[in-house]
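I opened this notebook to record what I looked up in the structure. The entries follow the order in which I consulted it.

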Amino acid sequence: MLASLRGWLAVVAVMAFGNTLQCFMNYGFLADRLYTGTPELVNGLQARLFGMWTLLAAIVRLYCALDITNRPLYFITMWSFVLALGHFLLETFVYKTAALDIGVITPLIVSGASLVLMIIGLQYLEPQQHKDKVVDPKILLEQEMLRARKKHT
């Protein structure tokens, strides 16, 4: 499972690198493909900012594909998909700056599917390592909750 997920993350990262280039070369790309609800709001500054955000997501996802067993990186990558999914849902259904067409449906599918795959992949990750011993994250959470209760009593 993790090997397939690595490949998927690498493909998604490469696609994001391509989108980054499009944002820097032609900001009309965003008006024509993504923010079709209010294309007049798209300008060069917004395109470059979106391009930098996409570049950061691409880098994080590529590093996760290369080191998929790195739990903190794995969770950061998951959050990058949550943010992407949230962004496109908000822009489409709340702010109405994007129409529900192929330019928005594609990133919704990619971010949603990636998030689901990463959640499934969690069960294949090794437990966290702490100072030469294996620690179950559930036990760590319980220990932290006990410490917090003791402080308040």
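This is a predicted model: local features need pLDDT of at least 70, side-chain atom pairs count only at pLDDT 80 or more; totals for chains, interfaces and linings use all residues.

Entry 1. Residues are numbered from 1 along each chain as its sequence is written, and side-chain values use heavy atoms, with hydrogens and water left out.

Entry 2. I looked up isoleucine 105 and found it in helix H5; helices here are DSSP runs (H or I, at least four residues), numbered from the N terminus. Isoleucine 105 has a relative accessible area of 32% and is therefore partly exposed. I also took the C-alpha separation between isoleucine 105 and threonine 92, which is 9.9 Å for two residues 13 apart along the chain.

Entry 3. How do the axes of H4 and H5 lie to each other? They come within 9 Å and cross at roughly 150 degrees, the axes being lines fitted to C-alpha atoms, for helices over the stretch in contact, with angles from 0 to 180 degrees between N-to-C directions. H4 passes H5 in a left-handed crossing, that is, the near helix is turned anticlockwise from the far one by less than a right angle.

I then listed the contact, defined as heavy atoms within 4.5 Å. On the H4 side I noted Tyr74, Thr77, Phe81 and Phe88 among others, and on the H5 side residues including Pro107, Ser114, Leu117 and Met118. The residues of this contact divide into 15 nonpolar, 6 polar and no charged; Ala, Val, Leu, Ile, Met, Phe, Trp, Tyr, Cys and Pro count as nonpolar, Asp, Glu, Lys and Arg as charged, and the others, Gly among them, as polar.

Entry 4. Is threonine 77 buried or exposed? Threonine 77, in helix H4 (residues 71-94), is buried, because its relative accessible area is 0%. Leaving aside residues up to four places away in sequence, I found that threonine 77 touches Leu9, Val60, Arg61, Cys64 and Met118.

Entry 5. I turned to helix H1 (residues 2-25) and helix H5 (residues 102-121), whose axes come within 11 Å and cross at roughly 155 degrees. That makes H1 roughly antiparallel to H5. The crossing of H1 past H5 is left-handed. In H1, I recorded Leu2, Leu5, Trp8, Leu9, Val12 and Met15, which meet Val110, Ser114, Leu117, Met118 and Gly121 in H5. This contact comprises 9 nonpolar residues, 2 polar and no charged.

Entry 6. How many salt bridges does the structure hold? I found 1, a salt bridge being a side-chain nitrogen of Lys or Arg within 4 Å of a carboxyl oxygen of Asp or Glu. Glutamate 144 forms it with arginine 147, and the closest N and O atoms are 2.3 Å apart. Both residues lie in helix H6 (residues 137-152), 3 residues apart, about one turn of the helix. Glutamate 144 is partly exposed at 45% relative accessible area, and arginine 147 is partly exposed at 43%.

Entry 7. Lastly I placed proline 39 in the loop between helix H2 (28-33) and helix H3 (44-66). Proline 39 is partly exposed, at 36% relative accessible area.

Notes: Helices (H or I, at least four residues) and strands (E, at least two) are DSSP runs, numbered from the N terminus. Buried means under 20% relative accessible area, exposed over 50%, partly exposed in between (1.4 Å probe, protein chains only). Angles under 35 degrees count as roughly parallel, over 145 as roughly antiparallel, 65 to 115 as roughly perpendicular and the rest as oblique.
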